[in-house]
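Please look through the sequence and the structure before turning to the points below.

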Amino acid sequence: MFYKNNIHKKIYEEIVKERPYKYPSRYLSAIYLLCADKRLWCSVQNAIRNRNINFEKIDIRKISPFGYSLYKIAQDIYTEGTHITLSDICDTYLISQKTFEMIITALRINRDGYSFVGIQNLFN
């Protein structure tokens, strides 16, 4: 799996491994993107309850343009929305190569779930 950095990897793996229940693939995918940016992740904490993400509760006023891109893509994956277009994702001025790789990873997580994440766990 591709991670932005070791902090991103640590946060994501802790979230996925420490829970005794199975998350839906769209949740795993959205969390992967949301925890990649520190300011965004801090804003997301109050919006996650009972394996659900309430995107309306996320305060986006203090996040970076990078964080905003991740937020909107995570929201689209989670809610099956249409905020970001394919041409937006392909625009190198909007989306860096590293961010593009993270988007592809998020889409693979959404498609293949735990088998792509590589985490084997016993669930309740």
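Is Glu14 buried, partly exposed or exposed, judged by its relative accessible area? Glu14 has a relative accessible area of 36%, so it is partly exposed. The model under discussion is a predicted one.

- Helix H1 runs over residues 6-17, and its twelve residues, at 1.5 Å a residue, should span 16 Å.
- The expected span takes 1.5 Å times one less than the number of residues.
- Where H1 begins, the backbone nitrogen of Ile7 has a side-chain oxygen of Asn5 within 3.1 Å.

**Helix H1: its two sides**

- Four residues of H1 are buried, namely His8, Tyr12, Ile15 and Val16.
- Around the axis they cover an arc of only 95 degrees, and therefore they lie on the same side of H1.
- The cover over the buried residues of H1 includes helix H2 (25-34) and helix H3 (38-44).
- Helix H6 (97-112) and helix H7 (114-117) are also included in that cover.
- Asn6, Ile7 and Lys10, by contrast, are exposed on the other side of H1.

**Salt bridges**

- How many salt bridges does the structure hold? There are three salt bridges in the structure.
- One of them joins the side chains of Lys10 and Glu14, with a distance of 3.9 Å from N to O.
- This distance falls within the 4 Å that a salt bridge requires.
- Both Lys10 and Glu14 belong to helix H1, where four residues, or about one turn of the helix, separate them.
- Lys10 has a relative accessibility of 54%, so it counts as exposed, whereas Glu14 is partly exposed at 36%.
- Asp59 and Arg61 form a salt bridge in which the closest N and O atoms are 2.8 Å apart.
- Asp59 counts as partly exposed because its relative accessibility is 27%, while Arg61, with a relative accessible area of 72%, is exposed.
- Arg108 and Asp112 also meet through their side chains in a salt bridge, at 3.3 Å from N to O.
- Helix H6 contains both Arg108 and Asp112, which are four residues apart, about one turn of the helix.
- Arg108 is partly exposed, with a relative accessible area of 38%, and Asp112 also counts as partly exposed, at 29% relative accessibility.

**Lys72, a buried lysine**

- Lys72 lies in helix H4, which covers residues 65-79.
- Is Lys72 buried or exposed? Lys72 is buried, yet it has no salt bridge.
- For Lys72, the nearest side chain of opposite charge is that of Asp76, at a distance of 6.5 Å.
- Lys72 is in contact with His83 and Ile84, when its neighbours within four places in sequence are left aside.

**Pro24, in a loop**

- Where does Pro24 lie? The loop between H1 and H2 contains Pro24.
- Pro24 has a relative accessibility of 38% and therefore counts as partly exposed.
- Along the chain, Pro24 and Ser87 are 63 residues apart, and 27 Å separates their C-alpha atoms.

Note on methods:
Residues are numbered from 1 along each chain as its sequence is written. This is a predicted model: local features need pLDDT of at least 70, side-chain atom pairs count only at pLDDT 80 or more; totals for chains, interfaces and linings use all residues. Side-chain values use heavy atoms; hydrogens and water are left out. Buried means under 20% relative accessible area, exposed over 50%, partly exposed in between (1.4 Å probe, protein chains only). Lys and Arg count as positive and Asp and Glu as negative; His and the chain ends are not counted. Contact means heavy atoms within 4.5 Å. The arc is that of the directions from the helix axis to the C-beta atoms. A polar contact is a pair of N or O atoms within 3.5 Å; within protein, one must be able to donate a hydrogen and the other to accept it, and residues adjacent in sequence count only if both atoms are side-chain atoms.
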